[in-house]
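Terms are given with their cut-offs where they are used.

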Amino acid sequence: MSGAVQESVTGTAVVCGGAALWLIGRGWPGATRARMLLAGGEGRAGGGGRGGGVVRAGPSWWRWCAGELRGLRGRFRGEWWVLVVGLGGAVLGASVLPVIVGAAGVPVLRRARLAREARRTGERRGDAVIALCGVLAGEVRAGRHPGEALLRAARESGGLGEAQAAVLAAARFGGDVPSALATAARRPGADGLLGLAACWQVAVDRGAGLAAGLDRLEGALRAERDQRAELRAQLAGARATAVMLAGLPVFGLCLGSALGADPLRVLLHTGAGLACLVVGGVLEGVGLWWVLRIVRGAEGTG
């Protein structure tokens with residue numbers, strides 16, 4: 001029975017690996033370049049040299065390999081490597097359970113990656129808003145009309161992002177600039193545009209100095225950004241604890257294999273091992289969730 005399971009798992013791994021290679025090769029932009037490189041130029045085989053049928057790989061070949069490896073790394077996001085690890089565990093442990101666990105972990109890690117990318121995009125957007133306030137204050141202080149100053153500041157800083165066309169149209173043709181800024185502030189990380197809209201409204205209605213208000217707004221936004229960065233640095237220890245907690249089971253499996261205990265066979269092919277695997281997986285997930293919940297709660301409070 002174990003031999004049949006081993007053969008089925010190995011066959012599944014071979015089929016999955018072949019399908020992955022076929023998909024990569026089908027949409028691989030470097031395949032044509034590889035054929036051209038091997039057919040002629042530095043990669044020409046046989047023919048005119050003493051190498052006979054040896055392919056001569058010059059520096060261009062290594063540059064091509066490095067470029068294609070970078071392309072593969074960009075094409076395959078981090079979450080898909082969990083499935084690859086699960087496939088390797090299935091081959092080593094002669095069980096399809098690691099493949100199932102790896103497939104289940106792909107959407108979870110993808111969601112985490114998208115959340116991290118969204119947070120970084122919001123931070124870059126917030127930095128652009130701070131730069132917009134600084135440039136706009138300088139343009140207004142230099143004597144430019146607020147509408148013209150906003151046009152120049154938006155082009156230089158890019159703080160308006162996708163909403164730049166609507167805001168600039170309102171500023172150029174005498175529209176409702178505060179309303180357009182408030183609409184642009186709905187994007188994650190662009191909350192500072194609400195303060196810019198308030199400064200603009202006060203300057204238009206009451207004739208107050210726009211440059212002074214922008215200076216105070218820029219200072220407040222910078223202080224808030226620095227506070228978030230300091231809080232994130234203080235929470236780095238908790239994040240490191242979560243990473244270590246996630247890596248401890250893998251370290252335990254490697255240590256057991258090094259000692260000759262064959263932990264994969266015990267965990268995947270015995271009743272007690274499966275029970276320990278389920279309980280350990282649940283406790284691992286609860287521990288990670290709890291640590292991340294503490295970190296997010298601290299960030300939200302800060």
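1. A salt bridge is a side-chain nitrogen of Lys or Arg within 4 Å of a carboxyl oxygen of Asp or Glu. On that criterion the structure holds 11 salt bridges. One of them joins the side chains of glutamate 123 and arginine 232, at 2.8 Å from N to O. This pair links distant parts of the chain, 109 residues apart: glutamate 123 belongs to helix α5 and arginine 232 to helix α10 (residues 210-234).

2. This is a predicted model, in which local features need pLDDT of at least 70 and side-chain atom pairs count only at pLDDT 80 or more, while totals for chains, interfaces and linings use all residues. Residues are numbered from 1 along each chain as its sequence is written, and side-chain values use heavy atoms, with hydrogens and water left out.

3. Helices (DSSP runs of H or I, at least four residues) are numbered from the N terminus. The axes of α4 (residues 80-93) and α5 (residues 97-141) come within 8 Å and cross at roughly 170°; axes are lines fitted to C-alpha atoms over the stretch in contact, with angles from 0 to 180 degrees between N-to-C directions. The two helices α4 and α5 are therefore roughly antiparallel (over 145 degrees).

4. Contact means heavy atoms within 4.5 Å. In α4, the residues meeting α5 include Trp80, Leu83 and Leu87; on the α5 side, Pro98, Val99 and Val106 are among them. By class, this contact has 10 nonpolar, three polar and no charged residues, with Gly counted as polar and Ala, Val, Leu, Ile, Met, Phe, Trp, Tyr, Cys and Pro as nonpolar.

Technical notes. Angles under 35 degrees count as roughly parallel, over 145 as roughly antiparallel, 65 to 115 as roughly perpendicular and the rest as oblique.
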